[in-house]
Amino acid sequence: MALQEVADLVQGKVAGDPHLPIRGIAGIDEAEPGEITFLANPKYLAKAMKTRASAVIVGKRIEGAPCALLLVDDPYFAFTRLLSHFHPSRRAPAGVDPRAAIGQGVILGEGVAIGPFVTLEDRVRIGDRVQLGAGVFIGEGSEVGEESLIYPNVTIREKVRIGKRVILHSGTVIGSDGFGFAPHKGRYHKVPQVGGVIIEDDVELGANVAVDRATLGNTVIGAGTKVDNLVQIGHNVVIGADSILVAQVGISGSAKIGRRVTLAGQVGVAGHLTIGDNVVVGGKSGVTKDIPEGENVSGFPPLPHRDWLKAQASFPHLPEMRERIKALEKEVETLRQRIAQPDERD
């Protein structure tokens with residue numbers, strides 16, 4: 001396709017020959033003639049000046065660029081759109097594999113693709129054009145919205161509602177029992193977990209994510225939220241729309257996470273806390289109290305991110321500071337003793 005056609009796909013403007021043939025897309029280091037690449041971070045400008053690509057997607061003009069430019073508002077977003085164009089996702093053929101086990105009263109939408117060894121218990125509802133990979137299990141009465149993609153070996157237990165265009169990666173379990181036990185006379189007794197889970201539209205859960213069912217009511221993941229691999233979401237947790245949870249985040253039961261929140265890798269959130277909208281929590285932080293909306297915090301306990309950076313910068317100097325404090329204490333004690341002595345002139 002011509003560069004101008006590529007520009008039309010991403011609402012960009014061409015600086016250079018609009019008739020240049022573009023046959024693919026590649027990274028800035030790997031791109032060859034006939035391919036287009038992108039520059040989203042100015043620190044890679046030197047690479048852009050040496051690229052072999054026929055065109056570069058940029059946010060603003062590059063003086064002396066060795067190739068044509070495609071000017072857009074958001075180069076990285078344009079890059080992702082073109083990736084989808086040049087590398088469309090593989091879709092399984094519609095139909096139900098004869099090795100799948102389909103329960104009573106199951107409703108299948110049009111164009112569904114049900115892989116081998118899938119188990120659908122009674123009264124499951126599968127929306128139009130849903131794809132279920134090999135070995136997927138869906139419990140009694142659960143629902144999966146249209147155009148969702150469920151990769152192999154995902155487990156969705158009973159009383160779970162999955163929205164539209166949801167993506168669940170392999171090994172993820174939705175609706176496992178919450179971690180609830182009542183201590184009584186020296187022993188722990190299981191609290192029945194009889195609630196459900198709601199995964200709203202356009203959510204994506206990475207591999208081996210665990211979402212516990214609610215004790216009562218529902219555990220909820222808001223629309224558009226993206227969750228990385230190996231994340232634990234406890235019972236009755238509510239996560240607002242368009243939030244990001246990076247790998248190994250753990251959220252204890254009944255925590256409330258606002259909209260557009262970012263929890264970086266290995267963040268832990270204690271139970272029954274509230275994190276406001278637009279909060280960013282830095283990696284490896286431990287959240288032990290509520291965080292108002294709009295805060296940017298890090299550490300354990302969390303501090304404002306700038307204060308945490310200063311504290312981290314001071315940490316390597318603590319041994320030296322300790323020795324200086326000891327020396328100052330010694331000097332102060334010497335001065336105190338001299339002041340306490342009678343004046344020899346008296």
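**Strands and ring pairs in a predicted model**

Q: What makes β3 and β4 paired strands in this predicted model?
A: Pairing takes at least two bridges between two strands. Strand β3 (residues 35–38) and strand β4 (residues 55–58) are joined by three bridges, in the parallel sense, so they count as paired. T37 has V56 in β4 as its bridge partner.

Q: Where do β3 and β4 lie in the strand order of the sheet?
A: The open sheet has five strands in the order β1-β5-β4-β3-β2, and its pairing is mixed.

Q: Why are β1 and β2 called edge strands?
A: β1 (13–15) and β2 (24–25) each have a single partner strand, so one side of each has no neighbour in the sheet.

Q: Why is the pair F38 and Y76 called tilted?
A: The ring centres are 5.8 Å apart and the planes stand at 45°. F38 is in strand β3 and Y76 in helix α3 (residues 75–86), 38 residues apart.

Q: Is F38 buried or exposed, and how do you know?
A: Its relative accessible area is 17%; buried means under 20%, so F38 is buried. Y76, at 48%, is partly exposed.

Q: What makes F179 and F181 an edge-to-face pair?
A: Their ring centres are 5.1 Å apart and their planes are at 75°. That angle is over 60, so the pair is edge-to-face. F179 has 72% relative accessible area, which is over 50%, so F179 is exposed.

Notes:
Residues numbered from 1 in each chain as written. Predicted model: local features only at pLDDT ≥ 70, side-chain atom pairs only at ≥ 80, totals over all residues. Heavy atoms only, no water. Helix = DSSP H or I, 4+ residues; strand = E, 2+ residues; numbered from the N terminus. Phe/Tyr/Trp six-rings, centres within 6.5 Å; stacked < 30°, edge-to-face > 60°. Buried < 20%, exposed > 50% of the residue type's maximum accessible area, 1.4 Å probe, protein only.
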